[in-house]
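This note sets out some points on the ligand site and on the domain arrangement. Please read them with the coordinates open.

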Amino acid sequence: MSQSNPATIKHDTLFTTPLDKAARFSFDEQVVACFPDMIRRSVPGYGQVLAMLPIFARRHCKYRQQGDDGRRVSRVYDLGCSLGAASMALAGEFAPQDLQIKAIDISPAMTTKAATVLNDNYPEHDIEVVTADIRDVTLEPCDMVILNLTLQFLPAADRVAVLENIYNALSEGGILVLTEKTHAFDEQYDAWLVERYYDFKRANGYTEMEISGKRNALENVLITDTLDGHHQRLDEVGFARHLTWFQFLNFVSIVAFK
Ligand code: GEK
């Protein structure tokens, strides 16, 4: 099932004109309108990671939680859900009564659209879309947490607390899937990865102006860690086991086991 009607997804033309140098990237209505096109053309492996989420969920969501009506359900958090692509992928895999999804994003433009898309596609499912800062939310006991390209937008100093909150909420046997853009510690490797990443964007139709405009807008907004840095932080918050299961250029996805 497609996430949105392709006819209503705008082509990403956000950085096709010279920008005010002070302009910063924000998840507003303009971004929402072209988001599916933008993320697919800008994030190597985005579709592959989404496709694996229901496969992981099948193995790790064991109906450990109590639903509102007293029935056993699997509760999954989609943190920084944007238009709900990860929630969509999961909902398609579970019967409505077996799954409870809580999709949270700080951008009202995102959550408004996500709620419509999810409700239109999965009206029978228990999916709550919440507009909130994930730093302020107390998570309920859950089986799976998805942080797909979200932690990178939080100030570095706030990342441990968010992961601790997730660790504490996960039931034994549950998982966190953490997908992030990273940088390499070695400068030469990093330069190679960044150049090939720009080649990836060129191959997907972005011009030099669009690539440099987006890079400037994301400066100090999207702050990457190294892959080792992510693993160290997961250790720090208590995850005893965590594995890099996917890497495509400078984008990685880690699964952390509770
Ligand atoms: C996907 N996961 O398609 N609290 C909640 N949301 C936040 C916060 C915060 N403090 N900061 C940023 N966001 C999605 C893609 S996009 C990735 C995630 C990207 C939200 C922000 O509003 C945006 O919707 C999302 O994190 C990041 O699977 O655009 O590169």
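1. A polar contact here is a pair of N or O atoms within 3.5 Å. By that criterion, a backbone N or O atom of I134 is placed 2.9 Å from a nitrogen atom of the ligand. The protein covers 95% of the 660 Å² of accessible area that the ligand has on its own. It should be kept in mind throughout that the model is predicted.

2. Side chains also supply polar atoms to the ligand. An N or O atom in the side chain of Y46 is 2.6 Å from an oxygen atom of the ligand. For S82, a polar side-chain atom lies 2.8 Å from a ligand oxygen atom.

3. Turning to the chain as a whole, the domain assignment gives domain 1 as 43–183 + 224–257 and domain 2 as 187–217. Their C-alpha centres are 27 Å apart. Eight residues from domain 1 and seven residues from domain 2 take part in the contact.

4. How much area is buried between domain 1 and domain 2? The value is about 600 Å², and carbon and sulfur atoms give 75% of this area. On the side of domain 1 that touches domain 2, the residues are five nonpolar, two polar and one charged.

5. The rule finds zero salt bridges between domain 1 and domain 2.

Terms used. Residues are numbered from 1 along each chain as its sequence is written. This is a predicted model: local features need pLDDT of at least 70, side-chain atom pairs count only at pLDDT 80 or more; totals for chains, interfaces and linings use all residues. Side-chain values use heavy atoms; hydrogens and water are left out. A polar contact is a pair of N or O atoms within 3.5 Å; within protein, one must be able to donate a hydrogen and the other to accept it, and residues adjacent in sequence count only if both atoms are side-chain atoms. Accessible areas come from the Shrake-Rupley method with a 1.4 Å probe; for residues, only the protein chains shown count as cover. Domain bounds come from an automatic or database domain assignment. Contact means heavy atoms within 4.5 Å. Buried area is the accessible area (1.4 Å probe) that two parts lose on being put together, summed over both. A salt bridge is a side-chain nitrogen of Lys or Arg within 4 Å of a carboxyl oxygen of Asp or Glu. Ala, Val, Leu, Ile, Met, Phe, Trp, Tyr, Cys and Pro count as nonpolar, Asp, Glu, Lys and Arg as charged, and the others, Gly among them, as polar.
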